[in-house]
Amino acid sequence: MTNKLKLSAAAVALTLLAGCSSYNASQPTSGLVANVESSVKADIKVGQKISGEATANVLMGLIKWGAGDHFVDGVDYGTGGALSFADPSASAKAAAAYNAVKASGADLIVAPRYEITTEDYVVFKKIHVKVTGYKGTITSVK
């Protein structure tokens, strides 16, 4: 009986220690402040105006939730620096951009503009982001 108990305890401990994890290997970018030169040329068809929204909640400046499950990845929103991960609105901006692109079927947002509304209650913040821009569809890459 003690062997079954030991085996059960070992299985529970292994399950708790292993748990679930996710891994994101993306290439970070920097803010666009200079001319970008590339031998690759893309033809982009600019369409109608599009928009997307997302809301995030932040508790004590560290715990974030509610922005959604899908985000646009690898985009710098101009925060820069070593503490850019601490930007509480970054996840809401990425979720709003994803919602705009997904809903419109765009490949990218041309001239995006972010409107950020923050309700700050000292310990708790509610951040609402609305992104507007134009639908960009890549027609060819040369």
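What covers the buried residues of H2? The cover includes strand E1 (42–59), E3 and E4. The views below show a predicted model, in which local features need pLDDT of at least 70, side-chain atom pairs count only at pLDDT 80 or more, and totals for chains, interfaces and linings use all residues. Residues are numbered from 1 along each chain as its sequence is written, and side-chain values use heavy atoms, with hydrogens and water left out.

**View 1. The open sheet.** Four strands lie in the order E2-E1-E4-E3 with antiparallel pairing. Strand E2 (63–65) and E3 are at the edges with a single partner strand each, so one side of each has no neighbour in the sheet. From one strand to the next, the twist averages 25 degrees. Strands (E, at least two residues) and helices (H or I, at least four) are DSSP runs numbered from the N terminus; two strands pair if DSSP finds at least two bridges between them.

View 2. Eleven bridges join E3 (residues 108–120) to the antiparallel E4 (residues 124–141). Val110 stands opposite Tyr134 in E4, and Arg113 stands opposite Thr132 in E4. Three residues lie between the strands, and Val122 takes a positive phi near 65 degrees.

**View 3. Helix H2.** H2 (residues 90–104) has 15 residues. Its buried residues (under 20% relative accessible area, 1.4 Å probe, protein chains only) include Ala92, Lys93, Ala100 and Ser104. Just after H2, Gly105 has a positive phi of about 75 degrees.

Note on methods
The expected span of a helix is 1.5 Å times one less than its number of residues. Buried means under 20% relative accessible area, exposed over 50%, partly exposed in between (1.4 Å probe, protein chains only). Contact means heavy atoms within 4.5 Å. Axes are lines fitted to C-alpha atoms, for helices over the stretch in contact, and angles run from 0 to 180 degrees between N-to-C directions.
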